[in-house]
Amino acid sequence: MRNPVHPPVPGSDAAELLQKRALVGHERLDSLRLGVPEDMAGLRRLVRESWQRSANLQANPDVPEAPLAMDQDELEEYRRQHPLATIMPVIKKLLVQPSHDSGLLVAVGDDVGRLLWVDGDPVMQRRAEGMMFVAGADWSEASVGTSAPGTALALDRSIQISGAEHFKRSVHPWSCTAVPFHDPDSGAVLGVVDITGTETAVAAHTLSLVEATVAAAQAQLRIERLQLAAAVKDKPRRRSAAAASSHALYRNSLQLLGRDQALLSIDGRTVSLSARHSEILAILSSQPAGLSAEDLCTQLYPGDGSAVTLRAEMVRLRKVIQELSPDAVPGSRPYRLPVELLPDSGQVLSCLQRGAHRIALEIYKGALLPRSEAPGVVQLRERVSHLLREALLSDGSVDSLLKYAELPEAKYDVDLRLAVLKLLPPRSPKRAAVVADLERIETELTP
């Protein structure tokens with residue numbers, strides 16, 4: 001099969017040929033100053049496209065080490081609060097323990113590609129330190145280019161990367177298999193589980209093993225959440241202990257995209273907010289350091305904002321959040337959120353930053369609080385929409401562009417449809433629909 005999804009069987013003639021062609025591709029990569037032509041022979045399509053994203057993100061194939069994103073103290077605190085911490089016993093039992101004498105490493109990373117746990121064969125661990133395949137390091141495509149953890153997150157699918165298919169040359173002696181980990185309730189990407197080592201790390205059975213382990217861990221996380229919910233409803237004396245542990249099972253989130261009223265989720269409990277409270281949390285979630293009353297008024301009210309009116313709104317908002325979690329009630333002087341709150345707009349921006357345009361588009365359900373006229377919300381809405389559109393126009397596939405064209409904000413986007421026509425083959429059956437859409441736009445916009 002030409003350009004297969006998975007690499008050939010390790011040790012086969014096809015696998016050896018793939019490595020030779022990938023090495024030749026790296027030689028052309030140098031000569032083209034990180035530009036990857038569509039016709040680069042020998043590379044699997046998903047690898048070629050990942051190399052292109054890596055080049056666009058300015059990942060350097062000649063820097064031997066991945067950057068360290070968190071020091072030890074930051075890492076320990078982050079791991080304690082991360083939802084994946086609770087399922088690590090499943091990962092250790094099914095993957096880590098069997099790998100100690102197998103020449104393999106098991107890594108678990110977060111949703112932006114930072115490794116949180118790396119365990120397995122001690123000899124391989126020491127070797128992997130040379131390329132900074134360690135807990136706390138950033139293995140996203142933006143930092144190290146093509147690798148199983150980063151590319152699995154960029155595409156939101158299982159990935160196997162073999163030897164010289166890696167963008168970074170120091171990683172060529174290694175092969176890896178990675179599978180994204182999804183929230184069992186929302187479906188959002190929480191992280192990635194990876195096996196790294198020699199050629200056996202990309203065997204077919206390795207992929208099946210990692211996928212089965214991730215499925216088991218996702219099921220375990222769902223069970224623990226159900227048990228937590230039951231404990232909260234049970235005897236009062238159990239509620240405080242359950243509440244204390246709930247943050248380890250959930251990511252506090254704020255859904256703003258394609259909605260006039262936001263959905264706020266804290267510790268597994270969700271509430272629909274009023275339009276004004278949606279605006280306040282949209283602004284504060286984008287300002288982790290907080291805002292003074294004057295600055296928040298400026299961002300919240302189109303005209304002259306009243307500090308008295310703002311204080312009244314904050315009193316009502318605090319009562320709403322108090323019902324979800326007393327620990328999450330916003331502070332004042334400055335107004336700020338005391339807990340991490342992940343807005344879906346922030347997820348989109350994070351995905352765009354690391355080149356994961358497809359995932360960003362999946363998360364993007366429409367304009368952020370589309371009817372809001374609050375200056376801070378308008379600015380945030382325009383930023384998210386603009387960056388997504390520009391990313392898709394510069395590096396999006398035909399399917400991604402067509403999906404974006406279905407959004408209300410793209411109803412009259414002529415440049416978007418012209419970009420689709422440039423990418424479509426001359427005889428593609430999809431061209432007729434795009435041309436018809438352009439004719440519709442011309443008719444509707446002609447006085």
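This is a predicted model: local features need pLDDT of at least 70, side-chain atom pairs count only at pLDDT 80 or more; totals for chains, interfaces and linings use all residues.
Leu254 has Leu264 as its bridge partner in β7. Residues are numbered from 1 along each chain as its sequence is written, and side-chain values use heavy atoms, with hydrogens and water left out.

Strands here are DSSP runs of E with at least two residues, and helices are runs of H or I with at least four, both numbered from the N terminus. Two strands pair if DSSP finds at least two bridges between them. An open sheet is formed by 4 strands in the order β8-β7-β6-β9, with mixed pairing. β8 (269-272) and β9 (342-343) stand at the edges with a single partner strand each, so one side of each has no neighbour in the sheet.

Two of the pairings are listed below.

| Strands | Bridges | Direction |
|---|---|---|
| β6 (residues 253-255) and β7 (residues 263-266) | 3 bridges | antiparallel |
| β7 and β8 | 4 bridges | antiparallel |

Ser253 has Ser265 as its bridge partner in β7, and Leu263 stands opposite Ser272 in β8. The strands β7 and β8 form a hairpin with 2 residues between them, and Asp267 in the turn has a positive phi of about 50°.

Which way do the residues of β7 point? Leu263 and Ser265 point one way, Leu264 and Ile266 the other way, and all are buried (under 20% relative accessible area, with a 1.4 Å probe and protein chains only).

Helix α12 (residues 307-324) lies across β7 and β8 and runs at about 155° to β8. Such angles run from 0 to 180 degrees between N-to-C directions, with axes as lines fitted to C-alpha atoms, for helices over the stretch in contact (heavy atoms within 4.5 Å).

Notes. Buried means under 20% relative accessible area, exposed over 50%, partly exposed in between (1.4 Å probe, protein chains only).
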